[in-house]
Structure formats: C-alpha cells, structure tokens
Amino acid sequence: MKQFIISLCLCLAAFGAYAQIQVSGTVVDQDGEPLIGASVLVKGTNNAVSTDIDGRFHIKATPKSRLVVSYVGHNTQEIAVTPGITMNIELSEKAN
C-alpha cells in the first residue's frame, strides 16, 4: 500500500509539471500598432496561433514554456511565459 501511495504521488507530480495554462497577450510594432497575423509559437512544440485584428493572441502552454513571436519584416523574439498576466510584446523592424 505504501508503494502505491508513493507511486501515485510521483505520477501526480509529473502531471503537474506538464499542466497547461492559458496565455494571453498582444503583439505590437514599435509605434504601438497591433500586428495582425503575427505568429506565436510555443517553443519545441507544434502549438502555434496567429494574432487577431487587434494583435491579440491566446495559446495554451506550460508555465515554464517560451514563446517564439515572429512577423514579416520584424525581428523574431523569444519570450518566457509569464503566468497570470497579459503579455505585451513589441517587435522591432528589421534593419533591411
């Protein structure tokens, strides 16, 4: 019985490490204008979304995930997920 309880606790801890949260945010350019259709990808996964007409996105990720945010003509950014707050991401234009 003791081994069963220990095994159960270890399984629950492993599931907690992979718990997904809803991450929300906005992607804008240097002037604060929303970037429509910017790509937001959870690094190391196939989980990706595009921003809407207001530059907003919603995506599921683990609390320790990193987001890769890209848009044509702008520098790609990699940002750590910040649980519990709306993420505001500003992409700068490429020099060329």
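Guide: Strand β1 (residues 21-28) pairs with strand β4 (residues 56-61) in the antiparallel sense, over 6 bridges. The model is a predicted one, in which local features need pLDDT of at least 70 and side-chain atom pairs count only at pLDDT 80 or more, while totals for chains, interfaces and linings use all residues. Residues are numbered from 1 along each chain as its sequence is written, and side-chain values use heavy atoms, with hydrogens and water left out.

Visitor: What counts as a strand, and what counts as pairing?

Guide: Strands (E, at least two residues) and helices (H or I, at least four) are DSSP runs, numbered from the N terminus. Two strands pair if DSSP finds at least two bridges between them.

Visitor: Which residue in β4 is the bridge partner of Gln 22?

Guide: The partner of Gln 22 is Lys 60.

Visitor: In which sense do β1 and β7 pair, parallel or antiparallel?

Guide: β1 and strand β7 (residues 87-90) are parallel, with 4 bridges. Thr 26 stands opposite Asn 88 of β7.

Visitor: What is the order of the open sheet?

Guide: The open sheet has 4 strands in the order β3-β2-β5-β6, with antiparallel pairing. Its edge strands, β3 (48-50) and β6, each pair on one side only. Between β2 and β3 there are 3 bridges, and Val 40 has Val 49 as its bridge partner in β3.

Visitor: How many helices and strands does the chain have?

Guide: The chain has 1 helix and 7 strands. Along the sequence the pattern is α-β-β-β-β-β-β-β.

Visitor: Why does Ile 89 count as buried?

Guide: Ile 89 counts as buried because its relative accessibility is 3%. Buried means under 20% relative accessible area, exposed over 50%, and partly exposed in between (1.4 Å probe, protein chains only).

Visitor: What does Ile 89 touch, leaving aside neighbours within four places in sequence?

Guide: Ile 89, in strand β7, is in contact (heavy atoms within 4.5 Å) with Thr 26, Val 27, Val 28, Phe 57, Val 69, Gln 77 and Ile 79. From C-alpha to C-alpha, Ile 89 and Val 28 are 6.3 Å apart in space, although 61 residues apart in sequence.

Visitor: A change of topic: where is His 74 found?

Guide: His 74 is in the loop between β5 (66-70) and β6 (77-80). His 74 also counts as buried, because its relative accessibility is 8%.

Visitor: Which backbone oxygen does the side chain of His 74 reach?

Guide: The side chain of His 74 reaches the backbone oxygen of Val 72 at 3.1 Å. Not counting residues up to four places away in sequence, His 74 touches Asp 29, Leu 35, Leu 91, Ser 92, Glu 93 and Lys 94.

Visitor: And what share of the chain do buried residues make up?

Guide: Buried residues make up 26% of the 96 residues in the chain.

Conventions:
Polar contact = N/O pair within 3.5 Å; in protein donor to acceptor, adjacent residues only side chain to side chain.
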